[in-house]
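Subject: Structure handover

Hello,

Here is the structure I said I would pass on. Please look through it first, then read the notes below it.

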Amino acid sequence: MTSPVWHPYAHLLTQPVAPKVVGGEGPRFTLESGETLLDATCSWWCMIHGYSHPRLVNAIKAQADVLCHVMLGGLTHEPADRLARELVRITPAGLNHVFFSDSGSVGMEVAMKMAVQYHHLRGKPEKHRLLSLMKAYHGDTSGCMAVCDPEEGMHSLFSGYLPRHHFAPAPRAAYDAAPDEVARDLAALRNVLERHHLDIAALLMEPLLQAAGGLNMTSPLYLKGARELCDEYDVLLVFDEVATGFGRTGKLFAADHAGVTPDIMVLSKGLTGGYLGHAATLATDRVHDAFNGDTAQHAFMHGPTFMGNPLACRVALESLAVFEEENYLEKIADLNRVLCEELLDVRTLRHHPQVVDVRVLGATAVIEVTDAAHLGGVAAFAHRRGVWLRPFGRWLYTMPAYITPEADMRLITRTMKAWFLK
């Protein structure tokens, strides 16, 4: 019998039958057939501790015995209070206020509304547009679709429905680029701000790693320059760290590479170790204090039903504890070493006629090809080797769980290489 589940990003006439997952442990999940697959994507980049981590599972069970949910409107509870304090502690200095929601997309919607209302409360209601970068992806909700890449992104069908915002060219300078290369990217950003800053409320960016827009990896100097430009033009800086947060780029947050504090930062995915949906939008005193006032417009009118869910907050606290106590940044450095050894030192792969580029940053690696057709069949090929790979567009990538052993990392990378070298 055909399942009534409507799968995401799927062409209904051509989608293969989805394998049924019945369990998982560590970096692998188990299928109904009994076979296990090494998850090279840690389930859309969120299962950073792998499957069935006993501390995370037990944290959920313990919290379920006490309180599964209560509205955060007019009430509070200890897991939410504790998680907010922990996030203030570990994020860049100055992000002192935490607004919870239930997904990364909603967290970004919160950030955008917050930025627009901030300027309105300061007497600048004309600053109601947003500035995003080409190659950006910020989510699939309506507000987020409007700030995703309008040309190569996946939402062009909805262009007539969405509000119009501004876009700057995607930065081209690589992570280790020289300052003069980054200066060209910043000049392009300045050009857009010079022309449109009077109606721009905020610059949104995925710092260092533009994830679903093509795994574009950029320079920390770009973040520093963007911070300076935003200050110059009275534009808030919003970091979408949904994908980059909690170690993915090699530091706890991508912002840490540049030593800058955005005005607003959005976290999700690894926030709970992937065990429950949750998000947090953090803001500085500057943003938060603008909402102090006695008019009706000073209230921030947003309130997801499941914001601050006690189960999600409790497992997020345990995830943070495991990350710190087990020195995950060292684990990520080890993963990065293997990714670099396996993928960056392979001349044959770099000179393959189908390959445009090979990039590695932190615990992320991607092989970009000239045409998406070159990756047709790669998922089935990897499956036969015991690996779950799910490419998108022209990008074959891995974002593994941080607990993935070295031998398994080499299985992932060698499977990726084997597709081109077969």
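Arg28 stands opposite Leu38 in strand S3. The model is a predicted one, so please read everything here as computed from it.

The sheet. Strand S2 (residues 28–31) and strand S3 (residues 36–39) run antiparallel and are joined by 3 bridges. They belong to an open sheet of 4 strands, in the order S1-S2-S3-S15, with mixed pairing. Strands S1 (21–25) and S15 (387–388) stand at the edges; each has a single partner strand, so one side of each has no neighbour in the sheet. As background, strands of a sheet pair through backbone hydrogen bonds, in a parallel or an antiparallel way.

Two helices. Helix H11 (residues 328–344) packs against helix H14 (residues 406–421) at an angle of about 30 degrees, and their axes are 10 Å apart. Angles under 35 degrees count as roughly parallel, and H11 and H14 are therefore roughly parallel to each other. Their crossing is right-handed. On the H11 side the contact is made by Leu335, Arg337, Val338, Leu339, Glu341, Glu342 and Leu343; on the H14 side, by Glu406, Met409, Arg410, Thr413, Arg414 and Lys417. By type, the residues of this contact divide into 7 charged, 5 nonpolar and 1 polar.

Annotated positions. An unreviewed UniProt entry places the feature "binding site" at Trp44, Tyr137, Lys269, Gly303 and Arg390. These positions are spread over 347 residues of sequence and also in space, with up to 33.8 Å between C-alpha atoms. One of them, Gly303, is in the loop between helix H9 (285–289) and helix H10 (310–325).

Regards

How values were computed. Residues numbered from 1 in each chain as written. Predicted model: local features only at pLDDT ≥ 70, side-chain atom pairs only at ≥ 80, totals over all residues. Heavy atoms only, no water. Axes fitted to C-alpha atoms, helices over the stretch in contact; angles between N-to-C directions. Parallel < 35°, antiparallel > 145°, perpendicular 65-115°, else oblique. Left-handed = near helix turned anticlockwise from the far one by under 90°. Contact = heavy atoms within 4.5 Å. Nonpolar A, V, L, I, M, F, W, Y, C, P; charged D, E, K, R; others polar. Pairing = 2+ DSSP bridges. UniProt positions renumbered as here; feature names shortened; annotations may be inferred.
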